[in-house]
Amino acid sequence: MPARLRSIIKIAERYGVTFTTPTSGSHWKACKDGFRAYPIPAHNGRNTEISDEYIRGFCRAFAIDFNEFKKQL
């Protein structure tokens with residue numbers, strides 16, 4: 001089930017992940033110390049619905065349990 005980017009940002013901050021707004025284009029960057037940045041396409045900013053595919057990739061990129069993350073959304 002897709003989730004709004006604003007909800008993902010709120011939950012991700014609990015895991016120490018920060019987001020930077022795009023300087024050009026539409027891809028927000030999720031960052032955490034010790035991990036590579038993970039781009040998330042959000043054409044409508046914080047109102048964009050992010051698909052489970054990207055949420056799952058985000059969780060995998062930052063070693064977060066996907067099912068635990070989804071329960072919090």
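Predicted model: local features only at pLDDT ≥ 70, side-chain atom pairs only at ≥ 80, totals over all residues.
**Exercise 1. Determine whether Phe 62 is buried or exposed.**

Solution. Start with the cut-offs: buried means under 20% relative accessible area, exposed over 50%, and partly exposed in between (1.4 Å probe, protein chains only). Phe 62 has 1% relative accessibility, so Phe 62 counts as buried. Now try Phe 35: its relative accessible area is 34%, so Phe 35 is partly exposed.

Residues are numbered from 1 along each chain as its sequence is written, and side-chain values use heavy atoms, with hydrogens and water left out.

**Exercise 2. Find how many aromatic pairs the whole structure has, and classify the one formed by Phe 35 and Phe 62.**

Solution. Rings of Phe, Tyr and Trp (its six-membered ring) pair if their centres lie within 6.5 Å; planes under 30 degrees apart count as stacked, over 60 as edge-to-face and the rest as tilted. The search returns six aromatic pairs. For Phe 35 and Phe 62, the ring centres are 5.8 Å apart and the planes stand at 65°, so this pair is edge-to-face. Finally, follow the ring pairs onward: they join Tyr 15, Phe 19, Phe 35, Tyr 38, Phe 58, Phe 62 and Phe 69 into a cluster.

**Exercise 3. List the salt bridges and say which elements they tie together.**

Solution. Look for a side-chain nitrogen of Lys or Arg within 4 Å of a carboxyl oxygen of Asp or Glu.

- Glu 49 pairs with Arg 4, with the closest N and O atoms 3.7 Å apart. Glu 49 lies in strand β5 (residues 49-50) and Arg 4 in strand β1 (residues 3-4), so the bridge ties together parts 45 residues apart in sequence.
- Lys 70 pairs with Asp 52, with the closest N and O atoms 2.8 Å apart. Lys 70 belongs to helix α3 (residues 66-72) and Asp 52 to helix α2 (residues 52-61), so parts 18 residues apart in sequence are tied together.

The elements are DSSP runs numbered from the N terminus: helices (H or I, at least four residues) and strands (E, at least two).
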